[in-house]
Each structure stands twice: as C-alpha cells, then as structure tokens.
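Look over the sequence and the structure before reading on.

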Amino acid sequence: MEKFRVSGPTKLAGEVSISGAKNAALPIFCASILTSETVEISNVPDLKDVSTMFSLLRKLGVKVELDKKNKQCEIRANSVHSIEAPYELVKTMRASILVLGPLLAKYGEAKVSLPGGCAIGQRPVDQHIKGLRLMGAKIKLENGYITAKAKKLFGAKITSDVISVTGTENLMMAACLAEGKTVLENSAEEPEIVDLANFLRSMGAEISGDGSNKIEIFGKKKLNGACHTIIFDRIEAGTFFCAVAACGGDILLSGVNKEAMGMTLEKLRECGGKIIHDQSGIRIKFFKRPNSVSFQTSSFPGFATDMQAQFMAVNAVAKGTSIIKESIFENRFMHVQEMLRLGAKISVRGNTAVVTGVDVLKGAGVMATDLRASAGLVIAAMAAHGQSMIDRIYHLDRGYEGMDKKLNLLGASVDRVKG
Ligand code: EPZ
C-alpha cells in the first residue's frame, strides 16, 4: 500500500487549478443512463471513484470513452444489457446507488446492492427507497439487494425525512422520465445538485428549484444527448485553503467561485485569512497563526461535513480552543486519534470535539481511515515539525486528483512512497 512521506513545517505559495467535483461527476455519469444518445462531459477529474463508476457503467453495458489527457469522456447508454449493480462494486463506492433511479426510470427495473455502511457511518438509503415507492415503484429488499420494478413511474410529492444529497439526486433523475409532476421537498441544496440539474436540463429535462429545499420536475417521454462541463470541486478547494491556513502562505486557486464555497470562506476569514477573489479565482493569504474557529456541520449552505477534518487540522495549530460538532455522520472523528499522535490536543464526547491549539505538532506515523480524514492528516502533517508517514493513502486517491503533485507545486514536501 502506498504512503505519503511528509516533511514539515511547510509554507505554501503559488497557484494550482482545482479539478472537477467528484460529487457532481458521479451523479452526472449516472444521469447519462437516462438517454440513449451520446453525452459529452468535460472537466472530468482523474479519481479512483470516477474509474470505479466507469467500471460499473461498463458492466451494465454503457459505452464509456475516456480521454484522460483532455479530461473529457463520452458516454452512450444505447446498449445496456444489465440492470444489476453488483455488491463487489457497490461495496467499494456507495455512490453506486445513483444508478438505481436512472435504471428504474429508463428500463422499468433495477437491482442494486445495498451499499452497506462505511467508516463514517451506516449510510442508509431509506429516503431513496421511500421516494421511488411514492413514484409507483415496487421495491423489495432481499439478500442484500434493492430490487425495484415499475412499468412506469408517476410524478409524486415527496417530502424527505432527512436531507440527503444522493437521495435528492436519485429522485431528481427518476422524476425526469416519470409521467407528470414531481415535487421534492426538504431536498438537498448542494452546488452539486445544481450542476446535476443543469446537466439534466441540457438533456431536455424540465427542472426548477434546484439549489433550494424544494425542487419541481415535470417528467418527459425521453431525454436527449448533451454536452456538459463539471463544476469545480469546492471540497478540494477548501482543503487547499485549510492547508495554507494551517501552514501559512499565499496561494491562488484558479477556476473557483465564492458562491459554491458556502461557509468555508466565512470560516477562513474568521481564522484570520485575507481573501481576494477575482475572475481568475480566489487567493488566500495567511501570514499569522490562525485563530481557532468553532462550527457545527450541516447541509448546504451550512458548514460542509466534508470540510470538518480539514478545519480540525487548522484548529489543532490555531490560537485558542474550538468546538466542532459533527451533526451529519455518526462516526466522522476517525482522524482525531491520528492527530493526537502528531501532538494535537483534542477531546471527543459524542458528536462533539474540543480542540485546543498547540504551538507545535510533531511528525509521526499516522493512518488514513477515510477520504476527508486523510486530507486532514495531510494538512496536520505539513504543519508539523519533522517527518510524518501517512499510511493507506488510497483513501485520498478516491477523491483528490494528484494531491501530492499539487501540494508540491505550492512548496510542500509530500512524497508518495511504496508501502
Ligand atoms: C453525499 O453523501 C456525499 N457523497 C458525501 O461526500 C457527503 O459527505 C454527504 O453527501 C453529505 O454532504 C456524494 O455526493 C457521492 P447523505 P450521501 O445522503 O448522499 C442520512 C465525500 O467525502 N441518510 O446526504 O451518501 C445519512 O445517514 C463524501 O465526498 C438517511 O438517513 O449523504 C446521513 O446522516 C462522504 N437516509 C445524512 O442523511 C437516507 O436515505 C446525510 O447523508 C440517506 C441519508
């Protein structure tokens, strides 16, 4: 298994470009199932989760042509021969659940393995199932699989009990080919939902309200091919901004805009960052030790749970004490034990962590446990004095394109070594 060897402390300076958003790309690839015509997608990030999704689509019979060099792909679902997403693929990436709605809407049936839990939580999909049933699907849960059938889906008024990003996405995609009007209430408002809606509209779907907590979709008989450019990854951008907050420096991230960054920029200002945005991107300067910032994670536009570990790394070296409440997932503090090994002062009680900033973290051996925890560990290790080895960095490669290369472009010392 590959590791990162990180030498610190680090000062970051320079410019890097942010890749396409993983959490926009994955639903958009699945939405391509809704048409038999070709779709062309640009700004495709080079990530493990993207190649996993392409493997799943190809297993269904969907044609996927990837031009890695130009970050583009062509997808055509005109020869689907299977409606089954098998456990061995779904267990490696729970976003595979996003083929459920499109397969059911297009082919009248779908058999998708239950994703099962992961390091950060149980990750149920009851809201996905509830919504599809309200649209007329007959759904059975047996032998670890969701088996769904529907001669035709019908528009319905669906109020989610829990705000779910992929739940909203699955139902939005299914509703595009349902008969009549669907209203999704208590829907997720993330920028990735809006990007998916923009893609669906370019295919001929009739959708409004995306980006709010109420989305309306008028179903169509068929959708057409389209071209689409994936939005930038706001979590990758936030991760780099947290790196400069923890380490100090002055970086420019091109291709990002402040709207999609939500509360991340506000919290970085609270940390003491100087933020300048212009048409080329967003520049952040940190020339003093950051201030501690407290926050509670919530759905967009609240504080993103996917930024929690990264800001914990900033708080670990900041002035003062901070309180972090993780309200979305039940087990998303796996990075705490590892940060303690670097000398951080963190105590956890239930879903609340109290972080007291220390003057110096010290390099040590640590282990990545999940995607965003790993990002937090890289940040803490870059700020630490001395050398750290971060094991199991395959977690990082799922959601960050060439993170080591980009950080080294900014002056970091992050070497990928064979385990
Ligand atoms: C999406 O996951 C993201 N993944 C996650 O990013 C992100 O952390 C999460 O949204 C929250 O923002 C993708 O978009 C591929 P949820 P998702 O359904 O959709 C509960 C990353 O690091 N829930 O919004 O799976 C659930 O248990 C990943 O890139 C139900 O109870 O998350 C959780 O507590 C990690 N029933 C809360 O809702 C359901 O049917 C939010 O989950 C669905 C969810």
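## Nonpolar cores

Apart from residues within four places of it in sequence, L57 is in contact with F29, I33, V62, V64 and V99. The model discussed here is predicted.

L57 belongs to the largest nonpolar core, which has 74 residues. Together with F29, V99, M135, M172 and L200, L57 touches the most other members of this core. Helix 1, residues 22-31, gives the core its largest share, 7 residues. There is also a second, separate core of 72 residues, with A245, I275, A344 and A364 among them. In soluble globular proteins, nonpolar side chains tend to be buried together.

## Helix 7

Helix 7 runs over residues 191-202 and has 12 residues. From its first C-alpha to its last, helix 7 reaches 17 Å, close to the expected 16 Å. Its buried residues are P191, E192, I193, D195, L196, A197, F199 and L200. After helix 7 comes G204, which has a positive phi near 110 degrees.

## Around the ligand

The ligand is surrounded by 22 residues, and the closest are R94, S164, T166, D306 and I328. Helix 5 (126-134) is one of the helices that each supply at least two residues of this shell, along with helix 1, helix 6 (165-175) and helix 13 (371-383). The largest share, 3 residues, comes from helix 5.

Which distances separate polar side-chain atoms from oxygen atoms of the ligand? For S164 the distance is 2.7 Å, for R372 it is 2.9 Å, and for R123 it is 3.0 Å. On its own the ligand has 820 Å² of accessible area, and the protein covers 88% of that area.

Technical notes:
Residues are numbered from 1 along each chain as its sequence is written. This is a predicted model: local features need pLDDT of at least 70, side-chain atom pairs count only at pLDDT 80 or more; totals for chains, interfaces and linings use all residues. Side-chain values use heavy atoms; hydrogens and water are left out. A nonpolar core is a set of buried Ala, Val, Leu, Ile, Met, Phe, Trp, Tyr and Cys residues joined through side-chain atoms within 4.5 Å. Buried means under 20% relative accessible area, exposed over 50%, partly exposed in between (1.4 Å probe, protein chains only). Helices (H or I, at least four residues) and strands (E, at least two) are DSSP runs, numbered from the N terminus. Contact means heavy atoms within 4.5 Å. The expected span of a helix is 1.5 Å times one less than its number of residues. A residue is near a molecule or strand if one of its heavy atoms lies within 4 Å of it. A polar contact is a pair of N or O atoms within 3.5 Å; within protein, one must be able to donate a hydrogen and the other to accept it, and residues adjacent in sequence count only if both atoms are side-chain atoms. Accessible areas come from the Shrake-Rupley method with a 1.4 Å probe; for residues, only the protein chains shown count as cover.
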